[in-house]
Amino acid sequence: MGTDDFVQRPEYGGDIDLTRKIHSVFTQYNKTGEKLSYSAGLRLEHTDRLLEEAKGDNYAYKQWDLFPTFSALYKAENGYEWKAAYSRRIERTKTSMMNPFMARRHSEVLEEGDTELRPEFIDAVEVGFVKSFGKNSLFANAFYRHTANPISRVNSVYNDIILYRTYTNAKASDAYGLEAGLDLNPVKWWKLYFGGTLYQYAVKGNIFDEELKGNSLNYSFNINTHFKITPTWTTELNFNYLSRTETVQGEDTQLFVPNLSVRKSVFNNRGAFTLQWASISMGLWDANQQRLTTRGRDFYASTNYINEVDKISLSFSYKINELGKVLKFSKSEFGEKEF
């Protein structure tokens, strides 16, 4: 204290180099018919991941994987469109989850990653229909999703006042349920969308040499309404809600976020001013916050994550040309999450 000298504590620091090489080849077949259309694809992928520590320890992960996909759409005589799909995909690990050096998250938690953390593999099946009537439409799907090696954040006791947190692969998780949505356009100036999901969720795994499992009935919904006040003035209000869910060591509470925006188009719709009110709270409700609770044989921890609310921003955008309607950029698979 009182000097400009810093002392490095070896247990809380170090250097790592993470190299991830991914090579893949894929093929896809599409068939479009008057009533029946379908596509089938297959991707063969090789992952070569190497995490190296400066002190000389190396952790390698090499694996070949197959990712099949299939989808079909049938147009029935009564105006219904029936669809079915299957896909397998991968959710890769983040570098922070594999960091082997202890980090102090705050005064009560020390965090350390798992150098041998494996990616998640997700198999999803769904069947459903779409029904259009005028400018309105209705859809409903039944789905099943199996996740192998789901990544979980888990806690244990470090000492009498500090928890030890790390990331690990649980054995598996399963979710099955229903998803439905209604898109309405009652009048020319008003659009309304309502969609929701109801599903049973279960997760299990061996955590710190203890067999753990959790299950819960979960639901989520989204409401979005759009008003065209004048040809150049529009407003949009949306509300997203995610229910409480069980985790492998505890539970996460509900999370909901209301948002409002007003848009004014200028310069023949090439430019626009947008006023946005994000995470509306006004001190009336607990928007944009979620409590995460974990428990074990010898500890209990509960943290309420309170994010900023009532964020107001004003922005201006201008389209120089129409390239945005032509160019299509591929999405990265790294870090994307299902909601």
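Visitor: Is E236 buried, exposed or partly exposed?
Guide: E236 is partly exposed, because its relative accessible area is 27%; buried means under 20%, exposed over 50%, and partly exposed in between, with a 1.4 Å probe and protein chains only.

Visitor: Before we continue, what sort of model is this?
Guide: This is a predicted model, in which local features need pLDDT of at least 70 and side-chain atom pairs count only at pLDDT 80 or more, while totals for chains, interfaces and linings use all residues. Residues are numbered from 1 along each chain as its sequence is written, and side-chain values use heavy atoms, with hydrogens and water left out.

Visitor: Where is E236 found?
Guide: E236 belongs to strand β14, residues 233-242. Strands (E, at least two residues) and helices (H or I, at least four) are DSSP runs, numbered from the N terminus.

Visitor: Which residues does E236 touch?
Guide: Not counting residues up to four places away in sequence, E236 touches N224, T225, H226, N259, L260 and S261. Contact here means heavy atoms within 4.5 Å. With the side chain of N224, the E236 side chain also makes a polar contact of 3.0 Å. A polar contact is a pair of N or O atoms within 3.5 Å; within protein, one must be able to donate a hydrogen and the other to accept it, and residues adjacent in sequence count only if both atoms are side-chain atoms.

Visitor: What separates the C-alpha atoms of E236 and Q276?
Guide: The separation is 9.4 Å, for residues that lie 40 apart along the chain.

Visitor: Now E251, please. Which side chain joins it in a polar contact?
Guide: The side chain of R244 does, at 2.9 Å. E251 is found in strand β16. Leaving aside neighbours within four places in sequence, E251 is in contact with R244, T245, E246, R291, L292 and T293.

Visitor: What is the order of the strands in the open sheet of four?
Guide: The order is β15-β16-β19-β20, with antiparallel pairing. β15 (245-246) and β20 (299-306) each have a single partner strand, so one side of each is left without a neighbour in the sheet. Two strands pair if DSSP finds at least two bridges between them.

Visitor: How many bridges join β15 to β16?
Guide: Two bridges join these antiparallel strands, and β16 covers residues 250-252. T245 stands opposite D252 in β16.

Visitor: Let us change topic. How many bridges join β2 to β3?
Guide: There are 17 bridges between β2 (residues 36-53) and β3 (residues 58-75), which run antiparallel. D48 has K62 in β3 as its bridge partner. The two strands form a hairpin with four residues between them, and G56 in the turn has a positive phi of about 115°.

Visitor: How many bridges does β3 share with β4?
Guide: Seven bridges pair β3 with β4 (residues 80-91) in the antiparallel sense. T69 has S87 in β4 as its bridge partner. This pair is also a hairpin with four residues between the strands, and G79 in the turn has a positive phi of about 90°.

Visitor: How many helices and strands does the protein chain have?
Guide: The protein chain has one helix and 21 strands. Of its 339 residues, 33% count as buried. The C-alpha trace spans about 65 × 50 × 45 Å along its principal axes.
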